[in-house]
Amino acid sequence: MRLLSSTRVGERPRRPNRSTLPAPTTAAVAVAIAVAAAAVTFLAATVAHVPGAVAIPAAAAEPGGGLTTTSRTAALSTSSSTSSKTSSSSSKAPSSSTTTTSQSSSKSSSTSNSKTSSSSSSSSSSKASSSSSSSSSSKSSSTSKSTSSSSSSSSSKQSASVSSTVTSSTSSKTASSTTSTSTSASVSASTSPKASTSSSVSFTSSPSTSTSKTSSTSSTTSSKSSTSTTSTSTSTSTSSTKASTSSTITSSTKTTTSSSSSTKTTSSTALPSNYCLNTASSRSCWGEYNLTTNYYSTTPSTGVTRVFYLTLQRLQLSPDGFQRTVVAFNGTIPGPTLYAQWGDDIEIHLTNQLADNGTAVHVYGLRLPGASAADGVPGISQCPIAPGASAVYRFKADSYGLTYYAARFPLQMADGAFGPLRIDGPTAAAFDEDLPPMLVGDWLHQPATTAYLAGKGKAPTSPSGLVNGVGVFGTGGSYYQQTVQAGRQYRLGVANTGTTAHLKFSIDNHTLTVVAADSVPVQPYDVTVLDLGLAQRYDVVFTADQAAGNYWVRATPQTACADHANAGALRAILRYATAADTTATPVSTAYDSDNECVDLTAALEPVVTVPFAAQALAELVDPPVALGAVTEVTWALGSPNMTVNWATPTLGQTSTSGASATYPSTANAVSLAGAASGWAVLHVTSASYNTSEAAPLHVHGHHWYLLSAGTGSFTGDYTDYLGLNLARRDSVLVPAGGYAVVAVRLDNPGVWLVEHAAGFRAAAGFALQLVERAADVPGAVGLDTNEWGSTCAAWATYAAANSPYQFGSGL
C-alpha cells in the first residue's frame, strides 16, 4: 500500500497511524476490507488545518507552489515510482477516481486563531465555503464518502496561496482503494481588492496493479476488485488588514506512475508488538517509536519528502502600526508556517529577490547529521545566494518540536526574515490539540543595518515588539489573538526571535508545563513565568481551566539584560470561546516576577538519558589540544572577533583538503579532532566582553550539554559531571560577569558556528566556528559540488559587478 501525504504549507501533517508510518505498518493493510477501512480513517484525520499565516507573492510562484509531499514507502505487493512535471495550462493523470476539495481563506488582524477537532469556530467577518465531488471509472462497484470541517485563524499578515501535487496508489490481489484530494486556496485582504491570491492544489491518485505469486509491471488498476473512494473537504476563514502583495498561482500536473512487484500477498499482517498510536491520551507514542527513543542514534524513515518554496523580498509593512521597510519570507512576518514529521526528508527552495544583498536560510535546532552543507551560513557552510538566484537545502528532520528558520546574512533576521517550523513527534504530556506556534521578540523601527552602522556596532534600544508579526505601538497596530475552548488541553510552541531582548513569557492565571526545550523533550516542569532567551524555543502544555474570559499573554523584555523603550508592548490575547465578550480588552493581572537575566536550562531533565561520558581530563588550555577523548577550549567572548569570507566558505576548504585545510586567523576556526565517541568542552567567559550583559550562546549542528553556568569563575572539576544526564539544548545563557561550561559530542563531522544569539553581537564578530573531525568531512557533509559551485559562481559574478560592502563579521 502506497500513501502520500496531502499536507500543505501552513497545514499539519497527520500524526502516525497505520497509513503514515514506515513498513511494516503500511504493509499491514493488505486485504480489501482493511484497505477500505484504513482509507476512510486516513482521510477523516487528514485535513486538520492548523491556522497560520501563509503567503506566497506572485514572484514566488514556482512549480508546486508551496509544499509538495512525496512518499516512497513501498507495500508488500507494490513497488512504485512517481515522476511529476508541472505546466501552467493542463493537468492530466491516469486515475480511476479523483476527488476535489476546495479550501478558501482570508486573514485579518485582531481576530482570533482557533482549532478544534470536531467543530468550527470563527471570529472573522469572512466566510469560506467548501465543496467536494468525486468520480470513479471502473468495472467494479465504487463508493464515495465526504467529510467537511472548518476553522478560523487570524493575523495581520499578507495572505497566501500554495499549490502542490501528490499521488497515491494502492493495489492488492483482492482489492484496490483509491484516495485523491484536490485543494484550492484563495485569500483576500480587506484593505485592498488587489491584494488577493489564489491557488489550486491537486492530489491525484494513480492506482497500480500487483499480481500475487507473479512478477508484473503495470500502470493500470485491477478492475475486478472493489474500489473505495473517499473525499474530504475543509473550509477555513481568516482575514487581513495589511497586505502589500498579490499573486496568482496555477498548478497543473501531469503524473505518470509505474509499478513492479514480485510478492505473495497474505491476508493480514500483525502490527509490531511495540506499536502505539499517538492520541490525546498517549502523546508519548509515535508508532514503532516513542518519547524514549534515542533521537541521536535513531531517526525514523517515513519515506516522505516535504518540499517548501520560500522567497526573500524587501517591502513596506506596518506590523505594529508603524510603517517601515522590512525583509520577509513570502511577504509576511513571520514567514509561512512549515509543518513536517520526525523522520521526514525536507527540501527548502529559497529564492533571493533582494536587489542588493545576498542571503541564505538557517533552520535552528536541527543537528543535520551528514548535512553540514545545509546549515545555511554564508562564509561557513556556503557562499551567499546572489540577488535573483536560488538554492536548495536538503536535510532530514532528525529531531522534533517547535523551531524556526531565519535568513542568514547580516541582520536580515532582525528586519523580519524568520518563520516557524513545527516538526511533529512524541510529547511528554497529554494534550487535546495544538495551537499555532507563537514567535515573539523585540522590534526596531528602522532597518537593522542602518541602526548598526549609526551605532558603530552597538545594539540599539528597541521601541516595540511583535507577537506572530503584530503588535501595538502608540495608538497603532493590534494584538495577536488566540481563541481556546474551556476545559481543553493545548500544546503551544513559543520562540524568541527577537534582536536584543531576553523575555519572560506567561499567560495570566494559567500554569505552563514545559515539555521540550530547543527540540529536546524534557520531563514535565511547571512554571507560571518562563524565561525565554534569544534563539530559545519551548513547547509548553496548558489547560484552559480558568473562568471564561480574556487573558493577557505576556512576553516582557527584561531591561536588566538589554534596554527596551516599551517593555509592555509584547502582548497577545488569549480568549475563551465562551467568554461573555470576545472583543473586550483583558483586565487580567500579571504574575509577579523579577527583572533579571536567568536561564531555566539547568532545571530541565531530558527524557532521553545521554550521560556525559568523557574520561580523559586535563586543565583548560588555549589554543586547544586534543587530550584523549576530550578536546578543551577556552573562549573569552568577543576576543578575537570573527570575520568570514563570503567567497571562500570554511566548509568548502575542509571538504577539499580535509585535515590539511588551513584557515585565516580572522576565521576564528577551532579544529576538533578525535573519534566519534570523543567530546569537546567549551569554557566560555564573559569577563572580556561585557560584565553587565548576559550572553545567549547558540551552537549549530549540536546540542550543548550544560555542565555549569554562573557568575564569577568556574571552580569545579569535570569529574563532578561524569555519568550525569545533563540538561541539553542549543542555546544557553552565559551570565553577566560569569561563565558557562558546555560540551558537545564529536559525532557530527562538519563546520559549525558558535555565536552570540543577539544579531548585533554576532554581526560584531562575537562568534567562532568549530571544524569538527576535518579528516572525515570530505564526502560526508551533503555538499553537492554542482549546486555549491553554481551558488558560488553566481555570487562571484554579482560581487565582481557590485562590490557588496561587508560590515562587521559578515554573519
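Predicted model: local features only at pLDDT ≥ 70, side-chain atom pairs only at ≥ 80, totals over all residues.
User: Is Cys561 buried or exposed?

Analyst: The general idea first: a residue is called buried under 20% relative accessible area, exposed over 50%, and partly exposed in between, using a 1.4 Å probe and protein chains only. Here, Cys561 is buried, with a relative accessible area of 11%. Residues are numbered from 1 along each chain as its sequence is written, and side-chain values use heavy atoms, with hydrogens and water left out.

User: Thanks! Which residue forms a disulfide with Cys561?

Analyst: In general, a disulfide is a covalent bond between the sulfur atoms of two cysteines. The criterion used here is a pair of cysteine sulfur atoms within 2.5 Å. Cys561 pairs with Cys597, and their sulfur atoms are 1.6 Å apart. Cys561 sits in the loop between β37 (550–557) and β38 (571–576), while Cys597 is in the loop between β38 and β39 (626–627), so the bond ties together parts 36 residues apart in sequence. Strands (E, at least two residues) and helices (H or I, at least four) are DSSP runs, numbered from the N terminus. Cys597 is partly exposed, at 22% relative accessible area.

User: How many disulfides are there in the whole structure, and how are the bonded cysteines paired?

Analyst: The search finds three. With the bonded cysteines numbered in sequence order, the pairing reads 1-2, 3-6, 4-5. One of these bonds joins Cys276 to Cys285, with an S to S distance of 1.8 Å. The torsion about that S-S bond is about 45 degrees, so the disulfide is right-handed. Cys276 is partly exposed at 26% relative accessible area, whereas Cys285 is buried at 8%.

User: Which parts of the chain does the pair Cys383 and Cys792 link?

Analyst: Here the S to S distance is 2.0 Å. The pair links distant parts of the chain: Cys383 lies in the loop between β21 (361–363) and β22 (390–396), and Cys792 in helix α5 (residues 785–802), 409 residues apart. Both cysteines are buried, and the link is right-handed, with 90 degrees about the S-S bond.

User: β21 came up there. What is the strand order in its sheet?

Analyst: To read a sheet, start from the pairing rule: two strands pair if DSSP finds at least two bridges between them. In this model, an open sheet of four strands runs β19-β24-β23-β21, with mixed pairing. β19 (338–341) and β21 stand at the edges with a single partner strand each, so one side of each has no neighbour in the sheet. Three bridges join β21 to the antiparallel strand β23 (residues 401–407); across them, His362 has Ala406 as its bridge partner in β23.

User: And which residues have the most contacts inside the largest nonpolar core?

Analyst: In soluble globular proteins, nonpolar side chains tend to be buried together. A nonpolar core here is a set of buried Ala, Val, Leu, Ile, Met, Phe, Trp, Tyr and Cys residues joined through side-chain atoms within 4.5 Å. The largest has 75 residues, and those with the most contacts inside it are Phe329, Ile348, Tyr393 and Phe395. Helix α5 gives the most to this core, with four residues. Apart from it lies another core of 36 residues, including Val514, Val522, Val540 and Tyr576.
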